[in-house]
Amino acid sequence: MIDLFEIFDSIISQSRSVDVAESEFRKQLYEDEELLSVYKEWCEECGYTEKKGFIEYCHQYYDAEESKWDILNNDYE
């Protein structure tokens, strides 16, 4: 079974840019029918379009990462 979030996180951590990450993810979707099927199902469950689902996940990922740094900065002060 495909772990969609593991794939998302791996692509994002290697790319560190939404545009580059999206391009890599689209490439993987094109090459892997099972991944495409799991992604479509996830988008439907979450109310995302297939075009924007991964991008929305990227933004949430980056927001969560930024939030971690904000907490650390506040603790340091």
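**Notes on an all-helix predicted model**

1. The protein has 4 helices and 0 strands, where helices (H or I, at least four residues) and strands (E, at least two) are DSSP runs numbered from the N terminus. Reading from the N terminus, the order is α-α-α-α. Bear in mind that this is a predicted model: local features need pLDDT of at least 70, side-chain atom pairs count only at pLDDT 80 or more, and totals for chains, interfaces and linings use all residues. Residues are numbered from 1 along each chain as its sequence is written, and side-chain values use heavy atoms, with hydrogens and water left out.

2. Now the overall numbers. Of the 77 residues, 30% count as buried; buried means under 20% relative accessible area, exposed means over 50%, and partly exposed is in between (1.4 Å probe, protein chains only). Take the contacts (heavy atoms within 4.5 Å) between residues at least 6 apart in sequence: 58% of them join residues at least 24 apart.

3. On to how the helices pack. Two packed helices are described by the angle between their axes and the distance between the axes. Here the axes are lines fitted to C-alpha atoms, for helices over the stretch in contact, and angles run from 0 to 180 degrees between N-to-C directions. Angles under 35 degrees count as roughly parallel, over 145 as roughly antiparallel, 65 to 115 as roughly perpendicular and the rest as oblique.

4. Start with α1 and α2. Their axes come within 8 Å and cross at roughly 135 degrees, so α1 and α2 are oblique to each other. On the α1 side you will find Ile7, Phe8, Ile11, Ile12 and Ser15, which meet Val20, Ala21, Glu24, Phe25 and Gln28 in α2.

5. Next, α2 and α3. Their axes are 5 Å apart, at an angle of about 115 degrees, and therefore α2 and α3 are roughly perpendicular to each other. From α2 the contact uses Phe25, Arg26, Gln28, Leu29 and Glu31, and from α3 it uses Glu33, Leu35, Leu36 and Tyr39.

6. Then α1 and α3. This pair packs at about 100 degrees with the axes 10 Å apart, which makes α1 roughly perpendicular to α3. The residues in contact are Leu4, Phe5, Ile7 and Phe8 of α1 together with Leu35, Val38, Tyr39 and Trp42 of α3.

7. The aromatics deserve a look. Rings of Phe, Tyr and Trp (its six-membered ring) pair if their centres lie within 6.5 Å; planes under 30 degrees apart count as stacked, over 60 as edge-to-face and the rest as tilted. By that rule there are 14 aromatic pairs. One of them is phenylalanine 8 with tyrosine 39, edge-to-face at 6.2 Å centre to centre with 80 degrees between the planes. Phenylalanine 8 sits in helix α1 (residues 4-15) and tyrosine 39 in helix α3 (residues 33-46), so this pair ties together parts 31 residues apart in sequence. Phenylalanine 8 and tyrosine 39 are both buried.

8. Another pair is tryptophan 42 with tyrosine 48: the ring centres are 5.2 Å apart and the planes are at 45 degrees, so the pair is tilted. Tryptophan 42 is buried at 10% relative accessibility, while tyrosine 48 is partly exposed at 23%. Ring pairs join Phe5, Phe8, Phe25, Tyr39, Trp42, Tyr48, Phe54 and Tyr57 into a cluster.

9. What about charges? The whole structure has 1 salt bridge (a side-chain nitrogen of Lys or Arg within 4 Å of a carboxyl oxygen of Asp or Glu). Glutamate 22 and arginine 26 make it, at 3.8 Å, N to O. These two are 4 residues apart in helix α2 (residues 18-31), so about one helical turn separates them. Arginine 26 is partly exposed, at 28% relative accessibility.

10. Lysine 51 is in the loop between α3 and α4 (53-76) and is exposed at 60% relative accessibility. Leaving out residues up to four places away in sequence, lysine 51 touches Glu22 and Arg26. Lysine 51 and glutamate 22 are 29 residues apart in sequence, yet 9.7 Å apart C-alpha to C-alpha.

11. Last, cysteine 58 in helix α4. Cysteine 58 is buried, at 1% relative accessibility. With residues up to four places away left out, cysteine 58 touches Ile12, Val18 and Ala21. Its C-alpha is 7.1 Å from that of isoleucine 12, 46 residues away in sequence.
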